[in-house]
Amino acid sequence: MSASTDTYVPKTRVGRITNFVDTRVGGSSIVKEFGRKIFPDHWSFMFGEVALYSFVILLLSGTFLTFFFDPSMAETHYDGVYVPLKGVEMSVAYQSTLDISFEIRGGLFMRQLHHWSALMFVASVSFHMLRVFFTGAFRRPRELNWVVGCVLLILALAAGFTGYSLPDDLLSGNGLRIIDGVIKGIPLVGTYISLLLFGGEFPGTDIVGRLYVLHILLVPALILLMIAVHLFMVVVHKHTQYPGPGRSESNVVGFPIGPVYAAKAGGFFFVVFGILAVIAANFQILAIWDYGPYDPSPVSAGTQPDWYIGWVDGALRLMPGVGEFVIFGRTISLNVLLPALAPAGLLFTLMFAWPWIERWVTKDHREHHILDRPRNAPFRTGIGVAGIVFYSVMWAAASSDLIATHFHVSLNDVTYWLRALFFLGPILGFIVTRRICLALQRKDREIALHGRETGRIVRLPHGEFIEVHEPLNDYKLYRLVNFESPEVLPAQPNKAGHIKRSEKLRGSLSRFFFEDRVAPVTRAELEAAHSHHAEVEAPAEKAEVSGR
Amino acid sequence: MGDHSHGSPSTSGTVATAGQSDVEKFQDPGLPPHRPRRADKDPRAEKRAERQVAILFVISIIGTVLFFVGYFGIRLDDTIATLRFQNFTLGMGTAFAMLGIGVGIVHWAKTLMPDHEIVEERHEVRTEEDRRDAEQIIGQVLDESGISRRPLIRNTLIGAGVLAILPAIGIFRDLSKDMNPEVLRHTMWDAGVRLTRDPSGTPIKASDVTIGSAFHVIPEGLNEAEHKLEEKAKAVVLLMRLNPDELNVSPGREDWNYNGIVAYSKICTHVGCPVALYEQHTHHLLCPCHQSTFDLTQECKVIFGPAAHALPQLPISVDDEGYLVATSDFHEPVGPSYWERG
């Protein structure tokens, strides 16, 4: 061991410093491992990067804000520069938020940057998850990383919610009041949870301080931890890649970290920062001085929660006022409990469990590193869109009053329509999406078999007009024919020869998912199509997708 | 395009046929040939790209200067316009500083750095050899610790571990000193407490309340109360006057209104928002948060939306001087339902 330190003698000062560090921490092996590691390139892989960078910007701007924010709910009378609020009774938290906005140079910019980054963070996490879902990137070996991602989404919502409540303005106070109402609806322990959370009766003088600790310490620490686990697993698995010529399940095709990917990804951080700065410079968000300090009596009509809370608020609005009953002197209010928990519970359970559900139905236990084009997994794409529609209906319901006033329709009618769409929308979304996927697959098939339409019309000697089709080159052709199309896998008997009920359910789900399918073009078919083209173009029957 | 198909649906191949072999699959043609970029072929294009990157970096420098111009050059006064202008300058300065660097680096990577795609092999997440070694190590660890051979140690450790978590939960009990749900039943209202205007606290004469008018009301003495916000969160009331003929008064509530003047809790029975909107000609109260609608003529019964029970009514009368007073507290808890509400 002792000899190894002497074999290499660096010549420059930088070299000496580098060598010093290297011989203490083993940097060479890290450089060897990561310096030229390959990452595939695709625009849709950027959502995850946007999420990561928004979070970094949140940490930077948030740290600045903590130097000036005071989470105390003690009463004070405003004596700052904003004239309309002079002398008004308010909490110290609200006053310090006003001071950050009006008296700290750059404070308003930091507040707006922080808030906009938070919206961007949740949005990019959501889009990233949709990308992963629709391309099947959650399949083996990445199921656990999908779960970590789901946890990160929940943590992102928690971070957003705890932050939203800090300024102690009218909006955040009313938001807290709604949360308090929902908590009180929990059977058995709801009242106690509410009393513990608020340190007594709502609103109390503790809640802002408590949420502050969660917001600046606990939640971000958990997010950082989860991000570390998330990225570690990305390194272990290597990144997925889209299908295409030269790309297989056993390789990764892309650019090396150094220099191209590091430059692109590193540069992209500054791009994200710059775009968020443009937004924060130009678009006002949460002008708390317009709303005033929290007071349990007033409320402004037409206010909206931050976008990512909207769907839960919308679910609360959609529920009809039924389901409150008293048994043995105890009140159960399903009118609050059901919309607050059921849709979120359903959505998150399906989200967490989906990799296992799909594996169970398809019995596909192989590793997948090549992504699916969404059209080539019509059932999954359909389910995903059904989920999006389900979410969006609730989200729209959170703005039902604004829809009514902007489009001059009755508020009640908007609610009735959305209630119907809550149930029908996902079903319609599934059917329409799956049909579109199948249609796109058939279009791909046609292009693979017969080439690209050139738009050039030729008149044959015997008078017939035909459109000339240009055959695809090998690379484009491979892109269209190289995919898997799972088939129906009927219920299988187990070793004892019985078909269990769960297996029957699996069989019928498999039928439901894969009954309608388009098979990839085979070589034989392509050859047949080509020889067919050589002959005179004869009228042919229409190809059909196999259907029920 | 469908016209170009061949054969019937059952033989066209569009229909799935079982047992497609790998022989029928297409050969991977490999990576497409690299297409050189302009900067790869033309030295002038390369120079131009280099200049563009440098210009973008200079834009970033200008952005940083702009930030400091805004920071030191704009004096905040008490007008929103100045604040907005400074926010704009600082923001756009930062934006140019960041975008200049970001776009510059990305442009550099895309035009001047090599764009040859490289192929790297994947490796198994876990090799069988590693698994066997790990299994052996874990077996040895378990064996040397003796945990599987000594269930008494194992079980008492599990028991101790589970119990040791409980104090970490129990210690949070004092998050709230007062845990009696009964506090939710009572408000500041009591017999003889005057109805006063929110937020000024001036008392209201019955004669001030004309038909069709509505008042936001707090109990007298609220502004001086020790726990002002907590009391206000339960005690706020809406006061309205209707033609007494329009009120459908249920038995037992005949003396709760005064000449058609009625008072109802302003706290929505859904999740507790203030029911702030009064539609005078329909006599409906609307909660702006979740659109629960209450009909004033039917003792604030829910007629639309997610709330499940009527707004509690505050029994009122007038005192000797003609001011409106409560004759008792609410007869039921105000606000959202809770387990102990009954």
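How spread out is chain B, given its 342 residues? Its radius of gyration is 38 Å, while the globule rule gives 20 Å for 342 residues, so chain B is more spread out than a compact globule. Keep in mind that this is a predicted model.

As for burial, 34% of the 342 residues in chain B count as buried. Then there is the question of who touches whom along the chain. Take the contacts in chain B with a separation of 6 or more: 55% of them are between residues 24 or more positions apart.

Now for the meeting of the two chains. The contact draws 116 residues from chain A and 92 residues from chain B. On the side of chain A that touches chain B, helix H10 (residues 257–282) of chain A supplies the largest share, with 17 residues. What kinds of residues make up that side of chain A? They split into 57 nonpolar, 35 polar and 24 charged.

The two chains also pair up through strands. Strand E4 (residues 251–256) of chain A and strand E1 (residues 118–121) of chain B run antiparallel, joined by four bridges. If you'd like a spot to look at in the structure, go to Gly254(A): its bridge partner in E1(B) is Ile118(B).

Key: Residues numbered from 1 in each chain as written. Chains lettered and ligands numbered in written order. Predicted model: local features only at pLDDT ≥ 70, side-chain atom pairs only at ≥ 80, totals over all residues. Rg over C-alpha atoms; globule rule 2.2 N^0.38 Å. Buried ≥ 20, exposed ≤ 12 C-beta atoms within 10 Å, placed from the backbone. Contact = placed C-beta atoms within 7 Å. Nonpolar A, V, L, I, M, F, W, Y, C, P; charged D, E, K, R; others polar. Pairing = 2+ DSSP bridges.
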